[in-house]
Amino acid sequence: MKSSRRQFISKITRGLTAVSILPISFSKALSISDDLGLSKPWIELSKAAYLHNASQISQMAGGRPVIAVLKNNAYGLGDVQVAQLLEQSEHIMGIAVVKDDRALAIRAAGYTKPILLMGDFDTENASSLLQNRITLSVFSQASFEKVKQTAGKTRKPINVALYLDTGLGRMGIPFQEAVELARAIANTTNWTITQTFSTLTTPRDFAQEQIKRFERVIKELDANKIPTGTKHLAPSYSILDVSASHQDAVRPGIMLHGSFPLMDRPESQRYPLQLSYRLKAPIIRLEKLRAGETIGFSRFYPIEKDEWIATLPIGWADGYDSGAENGAKVLLGDQLWPVVNVNASHTNVSLGGQTKFKVGDVATLIGPERSEITPEGFSKLVGGHNYLQINYKESITKHVYDTF
Ligand SMILES: *Cc1c(COP(=O)(O)O)cnc(C)c1O
């Protein structure tokens with residue numbers, strides 16, 4: 001038994017990039033003058049901010065527990081790392097992901113609380129998923145058959161989540177067919193529905209209709225004595241917008257990282273969140289460009305007077321929004337400096353006619369230090385949406401801090 005688990009872990013870790021299997025490091029913040037010969041961007045995560053946000057979200061939901069949605073590599077911030085930080089919060093009852101290999105990777109890295117897979121799985125991962133106590137979603141008759149085949153003749157209890165489509169139209173069993181499917185699950189020996197869930201849309205009237213549909217299904221299952229387990233519906237938007245969405249637990253993603261799905265809501269005053277991460281990059285080139293020169297493939301930025309231009313080793317291919325060249329700023333030293341060009345792998349910052357900076361000094365592109373470099377401030381400067389600022393590439397190294 002032991003050796004098969006070890007084999008499994010080595011299989012999983014071999015499939016991961018180096019980033020995900022690095023032990024989480026607690027290190028002191030690098031000051032801008034530390035010349036460590038750095039050549040790549042990195043992300044810093046604050047444990048204190050994650051614990052604070054989990055607690056605030058639970059309060060927004062009347063004290064209910066939180067299931068952290070860490071899909072898309074926790075929006076690029078590192079699902080393994082964020083899972084391990086959030087696990088330490090009493091308000092976090094578990095996490096949810098969409099890809100089977102990420103569920104396995106997070107478990108292999110030592111996460112012990114429940115993991116819900118809100119998507120389908122590859123048959124070759126099936127037995128690992130069950131061995132590693134990943135809760136599988138049943139969202140169609142076919143997926144029920146698939147989980148059944150996976151479970152085979154095991155006598156062990158099989159816990160599944162019943163995934164309902166109440167109107168998002170994307171995943172889940174259409175609510176009209178849910179009772180029939182739930183009955184089939186409940187009639188299978190050793191099987192239990194430990195969670196029943198769906199996802200709300202944003203228009204409030206329709207979200208309320210979805211909640212009614214959901215509750216009608218639950219009522220019918222209750223009447224048939226079919227257990228439905230923990231019930232949850234609400235992404236961040238609905239947590240704020242419709243209190244009937246709170247059910248037994250809430251299921252935020254974006255708010256855990258410190259951003260509200262809508263800017264300027266009253267809740268942001270009442271339950272302030274903390275930005276949980278910084279995006280940083282060192283200067284790798286610093287040159288005084290002469291009047292008349294330009295920067296960028298399209299000669300995007302003209303140099304009008306001699307100007308110091310710093311190059312940072314990060315671009316839109318790393319997940320930094322290319323819109324930054326339309327007015328975003330970065331923090332370097334104790335001042336903000338304009339971004340003047342973003343390419344796939346490089347970003348240029350103007351440092352003016354004279355500079356005290358040098359190659360190796362570190363810029364903060366996103367962080368809590370100044371309102372202009374928060375996701376909200378950034379999107380105000382460039383005219384985008386705060387939600388979309390967070391989508392960083394998995395290869396960016398993560399460093400974990402107790403606090404910022
Ligand atoms: C993304 C997602 C969430 C969380 O959404 P946020 O807007 O980031 O809070 C919750 N449930 C499901 C099914 C999702 O896909």
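The model is predicted, so local features need pLDDT of at least 70 and side-chain atom pairs pLDDT 80 or more, while totals for chains, interfaces and linings use all residues. Residues are numbered from 1 along each chain as its sequence is written, and side-chain values use heavy atoms, leaving out hydrogens and water.

Select helix α3 (residues 47-60) and helix α5 (residues 79-86); helices are DSSP runs of H or I with at least four residues, strands runs of E with at least two, numbered from the N terminus. Their axes come within 9 Å and cross at roughly 65°; axes are lines fitted to C-alpha atoms over the stretch in contact, with angles from 0 to 180 degrees between N-to-C directions. Now show Lys47, Tyr50, Leu51 and Ala54 of α3 with Val82, Leu85 and Leu86 of α5, which make the contact (heavy atoms within 4.5 Å).

Next, select Tyr320 and Phe378, an edge-to-face aromatic pair with 5.8 Å centre to centre and 65° between the planes. Rings of Phe, Tyr and Trp (its six-membered ring) pair if their centres lie within 6.5 Å; planes under 30 degrees apart are stacked, over 60 edge-to-face, the rest tilted. Tyr320 lies in the loop between β14 (307-312) and β15 (329-332) and Phe378 in helix α13 (residues 375-382), so the pair ties together parts 58 residues apart in sequence.

Last, select Tyr163, Leu164, Asp165, Leu168, Arg170, Met171, Ser198 and Thr199, which line the largest cavity. A cavity is a set of points on a 1 Å grid over the protein atoms alone where a 1.4 Å probe fits but cannot get out; lining residues have an atom within 4 Å of a point.

How values were computed. 1 Å grid on protein atoms, 1.4 Å probe; cavity = no way out; pocket = protein on both sides within 12 Å on 5 of 7 lines; lining within 4 Å.
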